[in-house]
Structures are given as C-alpha cells and as structure tokens.
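Visitor: Could you walk me through a couple of elements in this one? I have it open beside me.
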Protein chains: 2
Amino acid sequence: MVNIAVMGHGVVGSGVAEILLSHADSISKKAKKQINIKHILDLRDFDGLSYSDKFTKDFRKIADDDEVLVVAEVMGGINPAYDYVKECLLKGKSVVTSNKELVATKGAELLKIAQDNNVNFLFEASVGGGIPVLRPMAQCMAANEMTEIFGILNGTTNFILTKMVKENLSFETALKMAQDLGYAERNPDADVLGHDACRKICILASLGFGKHVYPEQVKATGITEITLEDVDYADKLGYVIKLIGHCAKLSSDKIAASVYPALVPRDNMLSGVNDVYNAVVVKGDATDDVMFYGKGAGKLPTASAVVADIIDCVKHLQTRKYLFWEDGCKDYVEAQENVPTRLYVRLSKTDNSVVSQIKALFGDETAILNNTVANEIVFITAKQVEKELTNKIQKLQNCKVEAILHAID
Amino acid sequence: MVNIAVMGHGVVGSGVAEILLSHADSISKKAKKQINIKHILDLRDFDGLSYSDKFTKDFRKIADDDEVLVVAEVMGGINPAYDYVKECLLKGKSVVTSNKELVATKGAELLKIAQDNNVNFLFEASVGGGIPVLRPMAQCMAANEMTEIFGILNGTTNFILTKMVKENLSFETALKMAQDLGYAERNPDADVLGHDACRKICILASLGFGKHVYPEQVKATGITEITLEDVDYADKLGYVIKLIGHCAKLSSDKIAASVYPALVPRDNMLSGVNDVYNAVVVKGDATDDVMFYGKGAGKLPTASAVVADIIDCVKHLQTRKYLFWEDGCKDYVEAQENVPTRLYVRLSKTDNSVVSQIKALFGDETAILNNTVANEIVFITAKQVEKELTNKIQKLQNCKVEAILHAID
C-alpha cells in the first residue's frame, strides 16, 4: 500500500478523491499497489463525506509525514502551492499537479529539485485537461525532434468563438452564455485575454524544445477585440477564427512562442474543434503532424489525468520518468515581430486604388475580398516576417486599418 | 550501454536503424543509456551501409547472445516472427514489435510470457503507426474505464475513399492511384477487405477492455462494394463514407467489435480525417471522447514508434510497464447482428408506396432521400439492434435493396 496526500478539495481535488475511491480495484491493479489517500488539505470543512476523517488544514501534517510518498497539488495559483510543492519534493515525495500557472512559472526549478531528490514531478493535467499530451510527447514521440507545436488550448475562448461563428452571437453575449454555463469565471480575464493559453504554450514549448519558456517572454493576445464582421469575412474567405497557441523552432537557436486569434482554413483539422474542446498538434521530424483532441477541462477529465500521474508515481517510486527541461534564458524567445507569419487585414474608407496597392505590396496571390457596399477591403497575406508585413500595411494609402489578425495554413 | 537487435531490415527496420543512428545523442539522453544495435537479422545482403557489419542471417546469433537485452521485431507476418519473439521473451529479452498480425493473433500469449519472464513486450507501432495511441490509453487514461473505441485505422482505404469522395474517382481508379503512389500493395486485399483494420481493432479492444479479441471473432467488411452512387447520396444527406473499426462494451459481459464502411456525419471530427491519415477515438468514463490523429503508416512515423518502445524497454530493464490483457474466450464477442447500430439503405425500382412503408417501419424521424429521376430511395435509420433493422428491411415491398451500409452519429 502507498499513502498519498491531496492538497486542495475544489473541483479537481474532489474529482481526484472520487475517482481514486470509485475505481480503487482497477487502479490498484494498474499501479500494482493499493493507493490510500491519507490526508486531504483544505482550509474549508467537508463534513458528511465518506472520507471526511482525512481532512486537515495543516500542511505540516503532510510535509512531515514520511509515510506519504506521493502528493497531488490541485489547489491552483502560485502561493502557497509553490512553497508546498517545493518542500514535498525536497523531502523526497513525488508530486503531481494540474496547476498550469505553477508549471509555467516554476517548472524548470521544480523539475531540477525533483531530479536532485530522485523523485517524480508530473503534470499531465496542466495542459489539455484529460487529453493525453505531455506524456505521449515525452515518451511515444521520444525518437522525434519536435519542430512545431500549436493548437486550441483554452476551452472557454473556444466555446465563445464557436458561438460567434456558428450562431452569430457577439463576444459579449457569448461570454455571458459561457459564464451562465459555468465555462467562464465571473472575472474571465485569464481566459479571454489569453493568459491561460499562454501558460499552456509555455509548458508545451518547454517540454518540446527542452528549455523553459516563461509567460512574460510570450506575447499573448486574447479574443476581446474579435468582431462579428471579422468572423463573417473569415467565413467568406473559407476560414474560421480560433485562439491559437503556437511555438516553433527557428533557424537560429531561438524559438517562436505566442498566443493570438487566427484565421484557420476550413480544411485544417483545427477548424472543426468546437465548443469546449481542445486540440494540440505536435510536429515531429519522424511522425510529421500528430494531433491530440478532447475536452480540455472539467472536473472528471482533469482529475483522471491527475490520478493517472499518481498511478505512474506509485509505479516509479524508485525510478524517474523522463520528463525534464533546462532553465530558459533571456533571449531564447524571438520577438514576435521577427517571426514569419500570415496576417489578415481589414481596411475601411477604401477607394479603388487600394486593391492595386495591396497587390503591388503583397503580391498577386494575396487573397483579397472587396466589399464595395460597406466600403471595406480584407486580405490575407502570404507568410513573411511579421514586421515586414506591418511595415507594408503602414504604406497603404486612402484607407484605415480596422483589424489585423493572424492566419495559419 | 545496452545492446539491442533488430529483426528485419525492410521499410520499418531500416527506418529504426536510421533513427537510432541519426538521433543517437538525444535518444541516449532520454534512455539514460547508450543504445547499441549489435545485430540486424535479414536474409538479404545489405552491403555498403555504414552498419553493414551488423547483419546476420542466423536468428541464433541473437537468441543465444546474452548481451542482447532488447529485440525489435519488424519482419511482419506470423512465421517465423512468432517463434522468434517467443524465444526472445523466454530468454529474458524485452521485445518491441510493429507487427499487428502477430499482436492480434498471439498478443495474450506473448504478454503472459513477457510477464512470467519479467520483461516487456511493447507494440505501440502496431496501431496508428507513429500516432501515440496504446501507451496513452494504458497510462494517461489509466484512471478511466473505457466504454467505446473506434476510428479510421487504415490509411490505404482512407486514401481511396477520400479520392472517391473528393474527386469522384471510382474505387478501381482510386485503388490504382494508391498502388502507383506506393500506399497500396500490388495485392491490396489485406487493406481493402478490412483485414488490416480488423487486426488493429482487435488490439485496441484487447487493451481497452482487458481480454483478447481474435480476428476470427470480428466481422470485417471492406470497401470493395462502395460505389460513387452511395458516396453521392451520403454527401446529399450530409455524410462522408469512411472505413470504421469499432468496438464497445455491451450491457452484457460481452463486447461488440467489427469493421465496416460507415456514413460519418460531417460535423463528426472523423469526417475530416482524409488521405492516409488515421484517427482513433477513445471514450473513457472520466475523459469522455479523446482523439488521436496522424499518419497511420510510413517508414519514419512507424519506425519512430518502434524506437520509442525500445527507449522505454531500455529504461525499464528491471521493471515491467503496465500493458496487459487476459486471454479471450469463445463467446466474448457478440454476433454483429445482435449489436445496436444505424443502417443506410439504398433501394431501386421503387414506387410511391415505399416512402410511407419506410416511415411506418422505421419511424417518422428516419432521414429519407427520394430520387424520383433514378427511381431510387435511400434512407438512414435510427439506432436499433442490427437484426431487427434487417428484418424490417426485408419487409419492404415494391423495391429492391441495392446497398446497405452502416452509419454513425
């Protein structure tokens, strides 16, 4: 029997307890040992549960209990999660977490501490909820060099954009609906401003390319500026708008990493990822594109990923899994303006000269849609370094730039 | 350093050697040991390679070499692969294979031998080529009970169907194109008759539900009878035709398992899986639908999955991975006629009474398309036990049944 502790009894934490208790037989068969929840840390009272006797409000009960070999951190946030996780690892306990903020900001340091103390630090649930992504990348694709990783990493914004695209709802109305359904927080900033997707692309880039990428190094743009006009133009051009997290190896030693709303062509699999679903595409040099798709959040999907990590830790009490990256450095992430990309541009107050200006500046093969009724022109460029594109956009005369978005192939 | 042997130097085998040599540094970092190919078994001569000195025509050189701890079997077929793999496992060597026929027919026995000898028998490459599927199912989804697994498991038939759907090519023309491009064998039976997909659904069902399913227990229908007429009717009804491998837990202790061409609605993610791509959907009770997508075959994708298994074996020389199922039994797979399904039916020589007959027998909500020009009627039923549906179809009068296909939601 292996004793574990669960820190946090919110949505995910209660799911972890639920799954461990309801699937006890099949889980102990897979772990080859019985798993016993010895402590659950939460400041609130939880009376009347079958496991109410396990609760404690005192972290020391877990930290100082040498019988606890694995700890699941599902509190969220940096404080006190960071201090707690660090102390557990230093005391030789393996730790699993669903906390993307913690991994995105402290991952390299905590992985190093885990390595030095010969324990595991696993966090499959931090990206894609219940969708297997990090372990398949680290293990199944171990014979690959990753070149690019991108996808739809946030279910809340994907739900809002799906409602805008399919039901023509405004951003505000769709957000309200997401809040009513419990998909969005009352303060939705972390989702709609792209911060949540940013943390996830940091984790994916760190694992995929082997060096920590910090959220402050990644330019993240959310979906608050997306209008139904742009949704409609995108549709006419054969695209749907999605919030994309993207990272790639560049020809230099640097990488690109950013989060932005982008036009996705309808024949790209990502265009069919709707509602609260997430999808991550990983390009390996041997496998080419591999995509992982499923519900990226929710109590049981996320909890099941945490429990799978617990099982893995219990099976590897003596050995370490390969999941590691080095610390990052200041100039590792290239400024977004120096990265090749495609842009979608909407112009108003146009005159007849604008179409020929666009062709002259961006080439004949540029997709152009001329709305003479609304006196607007939209176009999608070929791939070029972003700052070269924005320089060209500034040269356009007799028009006003209303919107600039990214586009992917 | 760990010595390994590779049995077979065909498409996949040469890819395995290539990746192990070209990615030696990153692989030894991940395996935490250097991996050395000591022997390559092949009856042919391979002169002029940088590793020509490693070839042998004698299996005993591998079997009797106690220094060889891991063996990759990439010969294909049952004989002599089965005898060789068995002897290697009995001698305490871990074995990895890409051989779906071997795993689908001998998996339970070989897993048991591996367990008894405390070594690993891994076969990620046998389903989905380079797409991570089996390990994510066994590990990341370990806290789930699987309820249903289905998908597009054969790239050759998916290429042919894509050409039929998108370019209106006949089956024969599309097959010829697949052969010219090297996607289909000169004798394409294993692909187009559904045998390859059948082996893969056997492996997925065995792993997902814990008991071996043998190919002879699974009804497999190929794509040779698919006509452009049905492709066109499907399109008009909002569906595309795909070859689907499907298995599910039934309410009894039995499971359903079969391979058939099916109409897939356009809003189902599988409908967008085109060309040689594969996709596997796994339903877990906690995660709900998870999908794995990518190229299901090809030299480097498949070889990279074999190499990932080799790395895993090298890292687990003392411990066993959890990948196991029991042997199956005679009545474990329910006869297809007793399984609930939806059917698509095409009728010719119809008269005006047929539409009302269909409504009376199958209910008002049945999707019906009445082609009065060609004097044909097609319809798609709701879900019901297959034999009840076929009984009803036999009751239809003043018409002739031209085609029956499955349909999924």
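Predicted model: local features only at pLDDT ≥ 70, side-chain atom pairs only at ≥ 80, totals over all residues.

Visitor: Let's take helix α8 of chain B, then. Which of its residues are buried?

Guide: In α8(B), which covers residues 171-180, the buried residues are B:Ala174, B:Leu175 and B:Ala178. Seen down the helix axis, these buried residues fall within an arc of 100°, so they line one face of α8(B).

Visitor: Why would residues spaced like that end up on one face?

Guide: An α-helix has 3.6 residues a turn, so residues three or four places apart point the same way.

Visitor: And what is exposed on the other side of α8(B)?

Guide: On that other side you will find B:Glu172 and B:Asp180, which are exposed.

Visitor: What covers the buried residues of α8(B)?

Guide: The cover includes two helices of chain B, namely α7 (155-167) and α9 (189-192). If you follow the chain just past the end of α8(B), you come to B:Gly182, which takes a positive phi of about 85°.

Visitor: Switching to strand β1 of chain B: is that buried or exposed?

Guide: Five of the six residues of β1(B), residues 2-7, are buried, so the strand is largely enclosed by the rest of the structure.

Visitor: Which strands does β1(B) pair with?

Guide: Six bridges join β1(B) to β2(B), residues 35-41, with the two running parallel, and β1(B) also pairs in the parallel sense with β4(B), residues 68-73, over five bridges.

Visitor: Where does B:Ile4 sit in that arrangement?

Guide: B:Ile4 stands opposite B:Ile37 in β2(B), while in β4(B) its bridge partner is B:Val70.

Terms used. Residues numbered from 1 in each chain as written. Chains lettered and ligands numbered in written order. Buried ≥ 20, exposed ≤ 12 C-beta atoms within 10 Å, placed from the backbone. Helix = DSSP H or I, 4+ residues; strand = E, 2+ residues; numbered from the N terminus. Arc of directions from axis to C-beta. Contact = placed C-beta atoms within 7 Å. Pairing = 2+ DSSP bridges.
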